[in-house]
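Please take a look at the model shown here.

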There are 2 protein chains.
Amino acid sequence: MDPAWQELRDRLGEVSDLGRARALLAWDERTQMPAGGATARADQLATLARIRHQRLSSGELGRLLEQLAEPAGELDPDSDDASLVRIATREWSKAQRVPAELRAELTRTTSLAERAWMEARERSDFGHFLPHLERVVELRRRYVDCFAPYEHPYDPLLDDYEPGMTTADLRPVLEALRQGLGPLVEGIAASRVELDDSCLHGSFPLAAQAELSRRLVELLPLEPGAWRLDTTTHPFATAIAPSDIRLTTRYDETYVGSAIWAVIHEAGHGIYENGMPHELRRTPAGHPASLGFHESQSRLWENWVGRSRPFMGPLLDLLREAFAGRFGEIDADALYRAANVVRPSLIRVEADEVTYNLHIAMRFELELEIFEGALSPAELPEAWNERMREYLGLEVPDDAHGVLQDVHWAAGSFGYFPTYSLGNVIAAQLWEAAAQAVGDLEPLVERGELQPLRDFLDERLYRHAGKFESKEMVRRVVEAGLDVAPLLRHLQGKYGDLYELA
Amino acid sequence: MDPAWQELRDRLGEVSDLGRARALLAWDERTQMPAGGATARADQLATLARIRHQRLSSGELGRLLEQLAEPAGELDPDSDDASLVRIATREWSKAQRVPAELRAELTRTTSLAERAWMEARERSDFGHFLPHLERVVELRRRYVDCFAPYEHPYDPLLDDYEPGMTTADLRPVLEALRQGLGPLVEGIAASRVELDDSCLHGSFPLAAQAELSRRLVELLPLEPGAWRLDTTTHPFATAIAPSDIRLTTRYDETYVGSAIWAVIHEAGHGIYENGMPHELRRTPAGHPASLGFHESQSRLWENWVGRSRPFMGPLLDLLREAFAGRFGEIDADALYRAANVVRPSLIRVEADEVTYNLHIAMRFELELEIFEGALSPAELPEAWNERMREYLGLEVPDDAHGVLQDVHWAAGSFGYFPTYSLGNVIAAQLWEAAAQAVGDLEPLVERGELQPLRDFLDERLYRHAGKFESKEMVRRVVEAGLDVAPLLRHLQGKYGDLYELA
């Protein structure tokens, strides 16, 4: 191997290792760390992030990438090496553009803002959070300016989560989704059908829920010996390596549904990470393609599999096993109805499959207005409450149940929210593609045979890892552009039946 | 603050963070990691170690230390800042001397050697391990040469674990210890007293042992909320920060003594780390002074407290609580005898308080002979078996129970073994100093009041952290030189009584 290629692999391997090490420290902080470790952990995380950034944006790496640009140009653009140079150059050049001081200032400011946000949410006092939010937005504007020229000031923000995707690409999709969902939500609200989910409420011992959760993950096509499951406050999944997946969940002693679908959701993220090809390990191309694609996998397993009628058989078996003497009087149809109650709610993370996208739509629109200069942070609560009324028909009683509910803005993560809905859109497109490629999925899911679906995803999506930007991935993976029709078909069909809509 | 001092703190803080992060990854590997993570973890650990070493040996740090040498020279040598420059200069200069290639070669070779050692031990086949051991010794000789001139070729090896301590310092101490122990071991062997430890053998459910272990740590003066206890194969303790201590232990379902004293031992290491002063955090002076001092703390809590007659009251209470209906017929005297059986054994890690030091003496002597050129690796098994006969009166049945039992040599850790006995020597000296300073410790230990002992150690030992080299620490902490008399007094007194020796 040409020593320059080896050097590239070595340098990128180092950057990758630093990122993975940081992921482990963050996982540990949220699942294992004694409380006394908090201060030191913040230093340790900051150091790893800083050194990783220094290495990623180093002049040596830049020169190496420049030197390899020509030989890489002669390779098949789909090859690992060509992709590696392309993706590494993209990351290097992005890292270059942001001055170290701005990066440091963002870290400091969002750390303070997150603390203020927590206090503000506790007291439902937006005013306490506002000056911090203003500062975060101001810094994010400066961040955006590092990437001038741009078509839309939101583009550089979005690009961090959805490489290459622009506001112009995304806005019509999410707008069409919101408009398509309106009549469905209204129809469900007007329906006389009330789905009964009382079987999921009651008293569910935590140990039994934990065992149920482990059994659920074992049922999913995730490599044995390559994952673990721990308890945390806000569930997440993280990959320390493709064969070292850390899933986390939480348990609600009075509602077993919380654990069931959180675990399947996080396992969905884990399955994607587990599918990253070995040849690309320790490289920036060896990661999932984008947050939208990541969310497409968590949602596909959570909703298209985990809340589907055929999955209720295997799920019911596990429930009966975990809670002896319970769920005897429940059949799969009843469990299916319980798993799919639609009920407009104030809180995004508690939202159902249908209304969830409306929570995202309003956040996306508010973010756009802020960065277009049409809305100031001070005006956010009013704008929030208005849109909540318009989209979900709900009155927001206080800011804790409104504009203060999510940490994302305090963390400076503008551009993150739309990837949740994008994930739903892609999941629906992939599901239709899977049905075409694999054939009828229902009998497989009914028997708990999920490997064929994983095989399809490995072949269609996972093997590309992060070799292409988000739009190009859409083209390759669903063999068309982004399209909300499959998602709307899925939701209208499923909930039209459940709620007996005309 | 002078910006140069701040820069020094920042640079050293980074080195410290990288070391702590590496410690967390190593802890995770041995306690939490799914099996699938092994390959990636090796890369991650190597990257963190390499970057830490680059930063520690960097020219920038060297120039900064040079620049601060003069202002530091004007400070009180006991001050934090003067100590910081002194210790950092020492570490920088040691890091400088070893070429990167030799370091990389050592890492590669010991990694292969450890694997070969594991296979060799399994098959009790020293020949399989020998070529690897020869290569490790050869590299360690080259390592030693990086530190020429030296008084003795073993000095640079010892210095990595016991800063500033030389072979000339240590050899007479361990020689005196071995000679002093000879008659005691013979006396015990000839004694007609048989101590009965059957109460510690039987069937002890793992969950109850785990709960007992937690209660034991809670009884010890370790900051609440600053530790956790996990299960592993080879127990160890590691500090991710002074208030983030990771203790590990193992459980033997048929012998509860294994867990009891392993937990107290590891907690002793943890208490020392927990006592590191906040002002020195994220600096190379903010660590325990040496491995010998570290071991002095694990041994002090394990043996001087944990196996003492007064501790048997609190321990018996915990045993009765953990194993309902058991230990009713056992009194504290019986438990004391069970906890202190002396029985020469082939395996170091199973050895009692008395014979342990003979295991160390023979390893230390063999290491010296190897680096003095008097013994070749090929001659080790025979030399081992001879010494085992001479010191402990035991015939070694095969190399798995002899020369192949420890990983240290495969790992290249020559110079490590003597710190175990050094720890015992220092522990005994500290214990006598504690009795002088605190007064009668027995009634305190009997009531489970261990904080006064911790207060003494905080004041006498922990507050110095790693500000001084090992010999200077001995001078300050026990107010005399190294002296085996207190250890021999302790062992002769205690076991003379137990075994009714004249």
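## Sheets, interface and backbone

In chain B, β2(B) and strand β3 (residues 244-249) run antiparallel and are joined by 4 bridges. Strands here are DSSP runs of E with at least two residues, helices are runs of H or I with at least four residues, and both are numbered from the N terminus. Two strands pair if DSSP finds at least two bridges between them. One bridge partner in β3(B) is Ile245(B), which faces Ala239(B) in the pairing.

This is a predicted model, where local features need pLDDT of at least 70 and side-chain atom pairs count only at pLDDT 80 or more, while totals for chains, interfaces and linings use all residues. Residues are numbered from 1 along each chain as its sequence is written, chains are lettered from A and ligands numbered from 1 in the order in which they are written, and side-chain values use heavy atoms, with hydrogens and water left out.

The strands of chain B form an open sheet of 3 strands, in the order β1-β3-β2 with mixed pairing. Its edge strands are β1 (227-231) and β2 (237-241) of chain B, each pairing on one side only. Neighbouring strands are turned by 20 degrees against each other on average, direction ignored. Strands of a sheet pair through backbone hydrogen bonds, either parallel or antiparallel.

Chain A also has an open sheet of 3 strands, ordered β1-β3-β2, with mixed pairing. β1 (227-231) and β2 (237-241) of chain A stand at the edges with a single partner strand each, so one side of each has no neighbour in the sheet. The twist from one strand to the next averages 20 degrees. In chain A, 4 bridges join β2(A) to β3(A), residues 244-249, and the two run antiparallel. Ala239(A) has Ile245(A) as its bridge partner in β3(A).

The table gives their angles; axes are lines fitted to C-alpha atoms, for helices over the stretch in contact, and angles run from 0 to 180 degrees between N-to-C directions. Contact means heavy atoms within 4.5 Å.

| Helix | Lies across | Angle |
|---|---|---|
| α1 (residues 3-31) of chain A | β1, β2 and β3 of chain A | about 135 degrees to β2(A) |
| α10 (residues 256-274) of chain A | β2 and β3 of chain A | about 165 degrees to β3(A) |
| α1 (residues 3-31) of chain B | β1, β2 and β3 of chain B | about 135 degrees to β2(B) |

How much area do chain A and chain B bury between them? About 2,900 Å², with 53% of it on carbon and sulfur atoms. Buried area is the accessible area (1.4 Å probe) that two parts lose on being put together, summed over both. The contact takes 37 residues from chain A and 37 residues from chain B.

Across this interface the rule finds 10 salt bridges. A salt bridge is a side-chain nitrogen of Lys or Arg within 4 Å of a carboxyl oxygen of Asp or Glu. One of them joins Arg246(A) and Asp28(B), at 2.8 Å from N to O. On the side of chain A that touches chain B, α1, α2 (38-56), β1, β2 and β3 of chain A each supply at least two residues. The largest share, 11 residues, comes from α2(A).

Two backbone details remain. The peptide bond from Ala148(A) to Pro149(A) is cis, with omega near -5 degrees. Pro149(A) sits in the loop between α6 (126-145) and α7 (155-161) of chain A. Phe327(B) is a residue other than glycine with a positive phi, near 60 degrees.
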